[in-house]
Amino acid sequence: MLYKGLYSVAKHLLSPQSFFKFGFNYSPMYRRTTGRIVSVSDDLRDVRVKLPFSYRNKNMAGTIFGGSLFSAVDPISMVQLNFILGNEYIIWDKSAEINFKIPAKEDVYIKFLIDDKMLENIRNGVISHQKYDLTLHLLVTNEAETKVFCVVNKVVYIAEKEYYFQRRRAHAYNLL
């Protein structure tokens, strides 16, 4: 609620992509991840994150702490989809897993790309079933994308508002 309220005021001063970038980069919860959004496309479909290798996220083995890798990835897709799809939908992170490949001893980068096919699948899935689970495979790489440090698999739940609230009411009364 707080962030939606801030956005309703800030949208008169900042573009959506500027609000997205600065909102994340100055939000206390995201700043603690040590990740920073470095670019956001005009349509918000392409978001790039950098997680610099520093003393703030180094573990006892001298590599980037796995929690920092995961937390830098975690909130981006859900918020990105909220901006792209608008208020017609309820969007939640449903599940996530991280698969470590090699230790990270350098700055890492993550691309969050939402393409036309994904948006078509989301809209068709919601039309057909009132909800849709979008599965994302996010690579955490070096800048040149020649090394993959880990893969984060996320499932994002997207539903029609009425369907979501109807299910929630039914759950509250144990009707399901």
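**Helix 5 and its partner**

Reply: The axes of helix 5 and helix 6, the latter spanning residues 116–129, come within 13 Å of each other and cross at roughly 75°. Here helices are DSSP runs of H or I with at least four residues, numbered from the N terminus, while axes are lines fitted to C-alpha atoms over the stretch in contact, with angles from 0 to 180 degrees between N-to-C directions. This is a predicted model, in which local features need pLDDT of at least 70, side-chain atom pairs count only at pLDDT 80 or more, and totals for chains, interfaces and linings use all residues. Residues are numbered from 1 along each chain as its sequence is written, and side-chain values use heavy atoms, with hydrogens and water left out.

Helix 5 and helix 6 are therefore roughly perpendicular to each other (65 to 115 degrees). Helix 5 contributes Leu81, Ile84 and Leu85 to the contact, and helix 6 contributes Leu119, Ile122 and Arg123 (heavy atoms within 4.5 Å). By class, the residues of this contact divide into 5 nonpolar, no polar and 1 charged, where Asp, Glu, Lys and Arg count as charged, Ala, Val, Leu, Ile, Met, Phe, Trp, Tyr, Cys and Pro as nonpolar, and the others, Gly among them, as polar.

Helix 5, which runs over residues 76–85, is mostly covered, with 7 of its 10 residues buried (under 20% relative accessible area, 1.4 Å probe, protein chains only). Those buried residues are Ile76, Ser77, Met78, Gln80, Leu81, Ile84 and Leu85. After helix 5 comes Gly86, whose phi is positive, near 85°.

How values were computed:
Helices (H or I, at least four residues) and strands (E, at least two) are DSSP runs, numbered from the N terminus. Buried means under 20% relative accessible area, exposed over 50%, partly exposed in between (1.4 Å probe, protein chains only). Angles under 35 degrees count as roughly parallel, over 145 as roughly antiparallel, 65 to 115 as roughly perpendicular and the rest as oblique.
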